[in-house]
Each structure stands twice: as structure tokens, then as C-alpha cells.
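Please examine the sequence and the model before reading the solutions.

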Amino acid sequence: MKKAIYPGSFDPVTFGHLDMIVRSAKIVDELIVSVLRNSAKNALFSIEERVSMLEEMTKDIPNVTVRSFDGLLIDHARDMDANLIIRGLRAVTDFEYELQIAQTNRIVNPQVDTMFLTTSLEYAYLSSTIVKEVASYGGDISHFVPEHLIARIYAKYRE
């Protein structure tokens with residue numbers, strides 16, 4: 001059985017993330033969407049909110065579960081008994097960074113591989129950072145995130 005982790009901060013979840021989840025779930029038997037609890041980042045949404053949003057959006061994909069984690073991804077993969085990490089690549093700059101992390105993970109645990117998926121062209125420009133930037137100025141984010149998240153994102157900027 002092929003069990004994989006698709007990690008990220010997902011702050012907030014975008015159409016690009018959802019595309020990667022749907023595509024990854026078709027490749028593996030079990031996909032764990034793992035939300036990083038990163039105290040170094042000033043998150044818009046709490047870890048609980050991000051997990052909840054992802055659970056809501058993936059409820060109809062039977063082989064997907066959502067978890068949170070902190071610490072090293074490679075340790076989380078071991079804890080989840082996953083032998084594959086899936087990462088999305090938007091541009092060459094993503095590849096350079098992700099390759100370095102994948103190689104480091106492989107040294108730490110040779111039993112875990114990393115697979116890179118290129119993003120669908122329609123989402124190649126998209127990031128959570130872009131969503132937050134546009135939303136912070138009250139811009140239209142309907143092309144970036146599912147409709148049911150839009151009000152929640154704007155509300156965070158009114159708080």
C-alpha cells in the first residue's frame with residue numbers, strides 16, 4: 001500500500017492546493033494532508049481552522065485524511081508510516097528549494113521518497129501569500145479560493 005503525505009501550511013487553502021490533493025489522491029492508496037504548525041510564521045488561520053477547512057473540502061475523497069504536525073516533516077512521515085512525500089512545483093525556484101529538502105530527507109530516512117508534481121497551469125501563479133495580499137486590500141479572491149472560504153478570509157482582516 002502506497003501511503004503519502006502532502007504537507008503545507010495551507011494558510012489559506014487555495015484552488016492550487018485542492019488540485020494537488022485531488023491529483024495526488026489518484027496516485028496513492030492513502031493520502032495524508034499534513035498541516036504544518038509553524039510558530040515562525042504569523043498564520044492568518046489557526047492550525048485547528050486550517051485542519052477543519054481541509055477536512056471540509058476533502059470529505060468526498062475517501063482516501064484522504066487531514067492531520068497537523070510540528071517538527072520535521074521526515075519525522076512526521078515516519079510517525080504516519082508514510083513512504084512518500086508529495087510536493088508541488090510552480091516554478092524553477094520551487095524546484096531548487098524542494099530538491100534540497102528532498103535530498104536532506106533522503107539522508108535522514110532512505111525509506112521515504114519525495115515525488116514532485118508540477119502544478120496545473122491554471123494555478124501556477126497562485127500561492128497563499130498572494131491570496132492574503134489581495135484579501136488584505138479587499139480585492140477579489142474568488143478566482144483563488146473556494147467560495148465558502150471567501151467570507152472567512154475577509155473576516156480575518158476585519159478582526
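Predicted model: local features only at pLDDT ≥ 70, side-chain atom pairs only at ≥ 80, totals over all residues.

**Exercise 1.** Determine how helix H5 and helix H6 are oriented to each other, and identify the residues in their contact.

*Solution.* Two packed helices are described by the angle between their axes and the distance between the axes. Helix H5 covers residues 128–136 and helix H6 residues 147–158; their axes come within 9 Å and cross at roughly 60 degrees. As for handedness, the crossing of H5 and H6 is right-handed. On the H5 side, Val131, Lys132, Ala135 and Ser136 make the contact, and on the H6 side Ile153, Tyr154 and Tyr157. Sorted by class, this contact of H5 with H6 has five nonpolar residues, one polar and one charged.

**Exercise 2.** Determine how helix H2 and H6 are oriented to each other, and describe their contact by residue class.

*Solution.* H2 spans residues 47–58; H2 and H6 pack at an angle of about 170 degrees, and their axes are 12 Å apart. An angle over 145 degrees counts as roughly antiparallel. H2 and H6 are therefore roughly antiparallel to each other. H2 contributes Glu49, Met53, Glu56 and Met57 to the contact, while H6 contributes His148, Leu149, Arg152 and Lys156. The class division of the contact of H2 with H6 is three nonpolar, one polar and four charged residues.

**Exercise 3.** How many cavities of 30 Å³ or more does the structure hold, and which residues line the largest cavity?

*Solution.* The structure holds one cavity of 30 Å³ or more. The volume of the largest cavity is about 50 Å³. Its lining consists of Ser9, Asp11, Leu36, Asn38, Lys41, Ala43 and Arg50. By class, the lining of the largest cavity has two nonpolar, two polar and three charged residues.

**Exercise 4.** Describe the largest pocket by its volume and its lining.

*Solution.* The largest pocket has a volume of about 1,100 Å³. It is lined by 41 residues, of which Pro7, Gly8, Ser9, Arg87 and Glu98 are the closest to its centre. Elements that each supply at least two residues of the lining include strand S1 (3–8), helix H1 (15–27), strand S4 (84–89) and H5. The largest share, eight residues, comes from H4. In total, the lining of the largest pocket divides into 18 nonpolar, 16 polar and seven charged residues.

Methods: Residues numbered from 1 in each chain as written. Heavy atoms only, no water. Axes fitted to C-alpha atoms, helices over the stretch in contact; angles between N-to-C directions. Helix = DSSP H or I, 4+ residues; strand = E, 2+ residues; numbered from the N terminus. Parallel < 35°, antiparallel > 145°, perpendicular 65-115°, else oblique. Left-handed = near helix turned anticlockwise from the far one by under 90°. Contact = heavy atoms within 4.5 Å. Nonpolar A, V, L, I, M, F, W, Y, C, P; charged D, E, K, R; others polar. 1 Å grid on protein atoms, 1.4 Å probe; cavity = no way out; pocket = protein on both sides within 12 Å on 5 of 7 lines; lining within 4 Å. Points joined across faces, edges and corners; volume = space filled by probe spheres on them.
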